[in-house]
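Please look over the two-chain model shown here before reading on.

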Amino acid sequence: MRTQLDNVLREVEKVIVGKRDVIEKILIALLAEGHVLLDDVPGVGKTTLAVALSRAVGLAFRRIQFTPDVLPSDITGFSMYDKASGEFIYRPGVLHQANILLGDEINRASSKTQSALLEAMEERQVTVDGNTYPLASPFLVIATENSVGTAGTQFLPYAQMDRFLVRLSLGYPDHQAQMAMLRDRQDRNPLDDVSCVLEKEELLSMQRAVRSVTAKDAVLDYITRLTMASRTHEAVRVGISPRGALFIDRMAKAAAYADGRDYVTGADVQAVFRDVCAHRVLLKEDSVTTAEQVLDDLLKKVASPDRHGFGAGLKMK
Amino acid sequence: MRKRWIGFAVWLLLAAGLYFFENNTGTRIILLCSALFPLVPVIRGAFFGPDEKSPDMEKVRTQQTIRALTTQEEDEPGDVRPYRPGDPVRRIHWKLSAKRDQVLVRDAVPVRDNEEQDRQEDAATARRSGRLRRGLLRGLAVMMPTCLFLIFAVPAARCGGEALCNRLFAASEAVNAYAYERFPVPESQSVTAAAVLIVLLLISLAGLTVLLHSRLVTLGVMAGCTLFQVYFGLSLPTWANVLLYGVLAARMLKRPFRRESVLLYATAVLVASVLTAALLPGVDAATESASEAVRDRVSQMIGQLTGTVAELPEGEMQTRHVYTQSLQTGRREAVTEREYRLVTVEEEQISRPHWVDVLRIAFLLLLVVAVLVLPFAPFLLLNSRRKKAHAARKVFASGDVNEAVCAIFRQVIAWLEATGHGAGNLLYRDWAARLPALLPAGYPDRFSQCAMAFEQALYSDHPLGEEQRQLARGLLRETEAALWKNAGWKRRVLLKYWMCLWE
């Protein structure tokens with residue numbers, strides 16, 4: 001499994017240079033059957049990344065550019081009256097054609113469009129005019145939010161942010177990476193070199209395997225204590241929801257699987273905690289810290305699962 | 001608020017303990033005066049304004065801050081300064097901020113007219129006087145029952161205590177007389193043994209205090225003084241005890257008050273005062289005469305047994321006769337001093353309810369048991385720790401390798417922690433980078449391997465192999481050897497006896 005993921009990473013890295021950790025996290029989110037929110041400035045390669053990923057895994061890719069006049073029916077599909085047959089015929093929307101869907105600048109869409117997309121993300125099915133249509137599997141939404149030029153935008157409400165598994169940020173490439181990128185694109189498009197190294201069926205079986213990764217009570221207890229502590233932290237207004245705890249568990253399982261193990265350790269939880277929870281923590285207005293600092297603080301304060309339950313053997317101090 | 005009441009209860013106990021064996025007018029006056037103690041903060045508040053640190057004032061200040069943050073202020077052309085985190089959003093000067101491309105904030109200039117100021121001052125005065133009245137009432141409400149209790153209840157209890165102690169002393173005298181008769185002990189030997197016992201006790205106490213780094217020294221001194229008083233029947237000046245309590249309080253009550261220290265202090269004071277108050281009055285003039293009576297009675301009994309005295313002497317019979325008569329007529333005349341004493345003892349027995357005696361005897365027995373058991377408590381504690389450590393070590397050889405590896409690795413961690421080389425709340429796999437240089441070469445690598453095995457044992461269902469157990473055992477041996485070699489003698493004592501890591 002590790003080699004397969006390495007192959008995918010290598011293929012994607014042909015196009016996106018020097019962002020191995022972010023690509024890996026997106027892959028892990030894909031394995032965990034979650035969705036990704038990318039918080040970035042324009043032009044750092046979000047679309048390219050999504051295209052390369054879909055090609056390397058052999059998935060269908062669609063992209064939708066959100067503007068205030070994109071309607072819910074554009075993504076979910078709609079029923080149209082067919083004069084010849086006298087019946088309503090369902091026209092599938094963009095959701096049905098994609099395994100990987102890139103929703104660009106989701107904060108520019110109207111709130112009803114946002115909620116239509118997020119509902120589909122959660123339930124993996126679409127209901128139009130009383131009929132339910134399941135979506136393709138696997139299904140990964142990569143939504144982006146631009147942090148500049150936010151005039152006239154609708155920020156995602158907290159309740160909808162909560163539905164994304166992770167929030168990541170690509171960030172600018174460093175000097176060497178940018179040089180490499182420029183060199184690669186002199187006479188050809190490196191996207192063409194990306195070949196499919198992982199079949200869709202393999203990916204689906206990997207997702208099933210992730211679900212059967214062992215998470216012992218020690219780990220679940222750790223996740224619970226972390227989330228509970230986030231709710232009582234002095235700088236936090238709204239802490240991590242139970243859904244957030246569930247997502248930490250899923251992401252940690254996928255991370256363990258990606259590391260070649262079939263059991264979750266405390267280190268997996270710590271590795272994914274920041275990415276999964278940074279957008280789930282609402283700070284108080286007068287606090288001067290950031291969500292990341294609060295999460296680091298929690299990791300430092302909450303006793304790690306290795307230590308917790310130390311009394312089982314020899315009690316110290 | 002609750003802490004204040006605990007403090008008050010402690011003070012009350014102290015006062016009651018004092019009252020128990022200082023029975024003159026001067027002390028009573030001092031006690032009555034000290035009943036005014038709870039009023040001190042109130043009076044201070046009345047003359048010097050409210051206490052700035054009190055929680056009430058904290059609340060008032062918070063409310064003021066909230067009001068200041070939320071009320072809309074007039075659009076004054078006051079000073080403008082750059083935004084700092086924490087400034088209220090309402091105070092941002094949007095127009096100027098837009099013009100200068102920098103977030104600016106109107107500086108807080110509290111503009112208030114005199115009328116409002118006056119009104120606020122009036123309100124503050126009214127609040128203060130209201131608080132004074134409430135405080136006075138509260139103080140009176142506490143003071144009155146206290147004084148009543150001290151004046152009426154305590155002397156009666158004291159008499160009861162003395163009577164009980166007389167009985168106990170009499171009984172012990174009888175036993176002593178019998179014991180001296182049957183088991184004669186050479187003087188010198190018994191003194192040596194007692195001295196050795198006392199020295200042993202002192203040494204164990206001192207060792208314990210060194211081991212614990214605690215405040216037991218003062219406790220020990222106090223307990224020692226109390227026992228000294230009880231044993232020799234000496235009444236050290238009351239003020240010496242008060243001084244001891246004061247020293248205890250100063251050493252134990254760290255600010256801000258912690259609940260356990262207050263509790264510990266209260267318990268210590270309670271035990272000390274009860275011990276002195278319950279046992280001390282027994283050893284005074286009344287007891288001496290009681291023991292005389294017992295000796296008389298014992299010699300009389302011996303006389304009766306050996307047949308030298310055929311019947312009770314004339315005087316005794318008369319005494320009893322007078323006693324029964326006085327019960328019937330209510331008269332209390334006594335012919336001789338001894339007869340008088342007998343009469344009073346009997347009267348006490350009739351007038352006092354029986355269960356009071358039973359309760360006091362039970363309480364005294366409890367105290368005696370506590371005094372007997374307490375010196376051995378440290379050894380019991382150490383022994384239980386040793387047993388626990390042995391049980392933990394037994395797991396090292398258990399059939400379940402996973403469990404064994406976990407236990408061995410945790411022992412390694414315990415060693416590192418106990419010698420101050422632990423890395424706190426980090427996951428164990430991350431400790432390797434922070435291990436000290438004094439450990440042998442290649443140690444961090446072996447530590448990492450072992451941490452991985454530990455994680456596998458802890459988080460997965462895969463059974464580990466025997467070689468992992470050997471690896472963990474080797475690591476533990478290495479850790480023990482290196483850390484033991486580098487530990488000072490204090491640390492070694494700690495490791496061996498308190499942590500029980502070394503056998």
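**Confidence and numbering**

Two residues are in contact if their C-beta atoms, placed from the backbone, lie within 7 Å. This is a predicted model, in which local features need pLDDT of at least 70, side-chain atom pairs count only at pLDDT 80 or more, and totals for chains, interfaces and linings use all residues. Residues are numbered from 1 along each chain as its sequence is written, while chains are lettered from A and ligands numbered from 1 in the order in which they are written.

Chain A averages a pLDDT of 86, and 94% of its residues score at least 70. Among the elements of chain A, the highest mean pLDDT, 94, belongs to helix 10 (residues 242-258), and the lowest, 79, to helix 6 (residues 158-161).

Chain A contains 12 helices and 11 strands. Helices (H or I, at least four residues) and strands (E, at least two) are DSSP runs, numbered from the N terminus. Of the 317 residues in chain A, 40% count as buried. A residue is buried if 20 or more other C-beta atoms lie within 10 Å of its own, exposed if 12 or fewer, and partly exposed in between, with C-beta atoms placed from the backbone. When contacts in chain A between residues at least 6 apart in sequence are taken, 77% join residues at least 24 apart.

Two packed helices are described by the angle between their axes and the distance between the axes. Helix 9 and helix 11 of chain A pack at an angle of about 35°, and their axes are 9 Å apart. Axes are lines fitted to C-alpha atoms, for helices over the stretch in contact, and angles run from 0 to 180 degrees between N-to-C directions. From helix 9 of chain A, A:Val219, A:Tyr222, A:Ile223 and A:Leu226 meet A:Gly266, A:Val269 and A:Phe273 of helix 11 of chain A. By class, this contact has 6 nonpolar, 1 polar and no charged residues. Ala, Val, Leu, Ile, Met, Phe, Trp, Tyr, Cys and Pro count as nonpolar, Asp, Glu, Lys and Arg as charged, and the others, Gly among them, as polar.

The loop between helix 11 and strand 11 (282-283) of chain A holds A:Ala278. A:Ala278 counts as partly exposed because it has 18 C-beta neighbours inside 10 Å. Leaving aside neighbours within four places in sequence, A:Ala278 is in contact with A:Arg167, A:Ala291, A:Glu292 and A:Leu295.

Chain B has 19 helices and 2 strands, and 16% of its 503 residues are buried. Helix 16 of chain B (residues 401-418) is mostly covered, with 15 of its 18 residues buried. Just after helix 16 of chain B, B:Gly420 takes a positive phi of about 80°.

Where the chains meet, chain A gives 22 residues and chain B gives 21 residues to the contact. On the side of chain A that touches chain B, helix 9 (217-232) and helix 11 (266-277) of chain A are the elements that give two or more residues. Helix 11 of chain A gives the most, with 3 residues. By class, that side of chain A has 10 nonpolar, 6 polar and 6 charged residues.

Terms used. pLDDT is the predictor's confidence in each residue, from 0 to 100.
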